[in-house]
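Work through the exercises below with the sequence and the model at hand. Each task is followed by a solution in steps.

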Amino acid sequence: MIVPKKLKFYGIKDLENLPQLRKLSEEERFSIKVAAHVLPFRANNYVVEELINWNNVPNDPMFKLTFMNSNMLLPEHYDMMYRALTNNHSSNQIKELANEIRYELNPHPAGQLTANIPMLNNEIVSGVQHKYKETVLIFPSSGQTCHAYCTFCFRWAQFVGMDDLKFATKESMQFQAYLKEHKEVTDVLITGGDPMVMSLAKLKVYIEPLLKPGFEHIKNIRIGTKSLSYWPYKYVTDRDAEGLLKFFEKIVNSGKHLAFMAHVNHWVELSTDIAKEAVKKIRNTGAEIRSQSPLIKYINDDSEIWAKMWKEQVELGIIPYYFFVARDTGAQQYFKIPLAKAFTIYRNAFKKVSGLVRTVRGPSMSATPGKVAIEGIAKINGEKVFVLNFIQARNPEWVKQPFFAKYDYDNSAAWLDELTPAFGSEKFFYEDELERMIDRKFERVKAEAI
Ligand SMILES: *Cc1c(COP(=O)(O)O)cnc(C)c1O
Ligand code: SF4
């Protein structure tokens, strides 16, 4: 039986009196608070009441996904914030300290600030990224938040929130103008934060124009969202639910492919009746659901978890899509997994599942040059190497050209820039070209800013 729920958010202030947290020691509770002054914290009543297994706290994966602990910050950062809070520094001082620490956590990984900004008539198109030829990302300004925040989140620097329909319209017009000029684009990926925190009216501002003449080249509309995991009521019992589903039907009936890119980190997230019902309702509109997740230590670093998750997704009609390596930002030092281990977990999970599940690609690093997958570990002419491959690249010519990095015997490399080319090469094959591409774009943006 599905009972409607009214969304209730929990923020830092609620850490003091959330009854479930009384299971933890006072020290543990305070450490959440310290870390939550640097990394953004938000939970909601669904996550707290139905996803977290409080008998399994603090090791429960859903607890780790939403509640911080002291180790998610580096010891020196943690100590600084701990002292600021216990010595009663002013809220301004605390904010300043938080920002200083955040700057040291690589808030904009993979060249997000300088490299992917599109231009139209010599003006920057805000809220849009165009990195791969056929796909444009749009970040609606009022979708820059989520129903709850994941502790590992790589988008944490964007959670600023803006709530203005007029602004949304202006933003949408700009991005429509950009798309009209770019006939090579087939896919629009609406992302965030989570665009599904937006009302139906706002969502329509971004999507409805794309169904009209002038946008025939846009074949696929994707919505990147964690709402199936964090707030499935959105599609079942919320006030907008019916209208929303009708709108999805309208998109599908216009002839476009509508795809949900569902962020799902653990099988628990789709195990509730309400989540299953949401999946069913969305699929009944003709939309497809694809799933993606990074590999995260303490949350899903076990091939059994992945195999079970993918199998259950396929049963629900969801298509497993990407297996990511956690990005080098925020609390990555806590969550990261060495690349050799990431590959082993992926491979062991892949081995256990049928062909219908083997649509999932990875382990993939979304880095500055593109999405680089570890295809395997091999020995070539006596040298042990990682076999790498671009799934997506800034230059489409780089795709599916295997290249090689030295095997990482001390198990420390967790990201592309920690690998070195194999066979005595000085650089990976794409590096010179990438440097020229980034320089050029950066110069353009700089020139505009002056
Ligand atoms: C992953 C990604 C896309 C989409 O790539 P597909 O392979 O088409 O799913 C587009 N833009 C950026 C920046 C991405 O990271
Ligand atoms: S749902 Fe996605 S964008 Fe939102 S907090 Fe989690 S990882 Fe970040």
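**Exercise 1. Polar contacts of ligand 1**

Task: In this predicted model, find which polar side-chain atom lies 2.7 Å from an oxygen atom of ligand 1, then describe the shell around ligand 1.

Solution. 
- Step 1. Tyr321 has a polar side-chain atom 2.7 Å from an oxygen atom of ligand 1. The cut-off for a polar contact is 3.5 Å.
- Step 2. The residues around ligand 1 are Gln129, Lys131, Tyr132, Thr135, Leu137, Arg222, Tyr321, Tyr322, Lys371 and Gln392. They divide into 4 nonpolar, 3 polar and 3 charged.
- Step 3. At least two shell residues come from each of β5 (128–132), β6 and β11 (318–325). β5 gives the largest share, 3 residues.

**Exercise 2. The shell of ligand 2**

Task: How many residues surround ligand 2, and which are the closest?

Solution. 
- Step 1. Ligand 2 is surrounded by 10 residues. Cys146, Cys150, Cys153, Lys226 and His263 are the closest.
- Step 2. By class, the shell around ligand 2 holds 6 nonpolar, 2 polar and 2 charged residues.

**Exercise 3. Thr151**

Task: Is Thr151 buried or exposed?

Solution. 
- Step 1. Thr151 has a relative accessibility of 3%. Buried means under 20%, so Thr151 counts as buried.
- Step 2. Thr151 sits in the loop between β6 (135–138) and α6 (165–181).
- Step 3. Apart from neighbours within four places in sequence, Thr151 contacts Lys64, Leu65, Thr66, Phe67, Met68, Met72, Ala331 and Phe335.

**Exercise 4. Aromatic pairs**

Task: Classify the ring pair of Tyr235 and Phe248, then that of Tyr407 and Tyr409.

Solution. 
- Step 1. Two values describe a pair of aromatic rings: the distance of the centres and the angle of the planes. The count comes to 35 aromatic pairs.
- Step 2. For Tyr235 and Phe248 the centres are 6.4 Å apart and the planes are at 40°, so the pair is tilted.
- Step 3. Tyr235 belongs to the loop between α8 (227–230) and α9 (241–253) and Phe248 to helix α9, so the pair ties together parts 13 residues apart in sequence. Tyr235 and Phe248 are both buried.
- Step 4. For Tyr407 and Tyr409 the centres are 5.0 Å apart and the planes are at 75°, so this pair is edge-to-face. Tyr407 counts as buried at 18% relative accessibility, whereas Tyr409 is exposed at 61%.

Note on methods:
Residues numbered from 1 in each chain as written. Chains lettered and ligands numbered in written order. Predicted model: local features only at pLDDT ≥ 70, side-chain atom pairs only at ≥ 80, totals over all residues. Heavy atoms only, no water. Helix = DSSP H or I, 4+ residues; strand = E, 2+ residues; numbered from the N terminus. Buried < 20%, exposed > 50% of the residue type's maximum accessible area, 1.4 Å probe, protein only. Contact = heavy atoms within 4.5 Å. Near = heavy atom within 4 Å. Polar contact = N/O pair within 3.5 Å; in protein donor to acceptor, adjacent residues only side chain to side chain. Nonpolar A, V, L, I, M, F, W, Y, C, P; charged D, E, K, R; others polar. Phe/Tyr/Trp six-rings, centres within 6.5 Å; stacked < 30°, edge-to-face > 60°.
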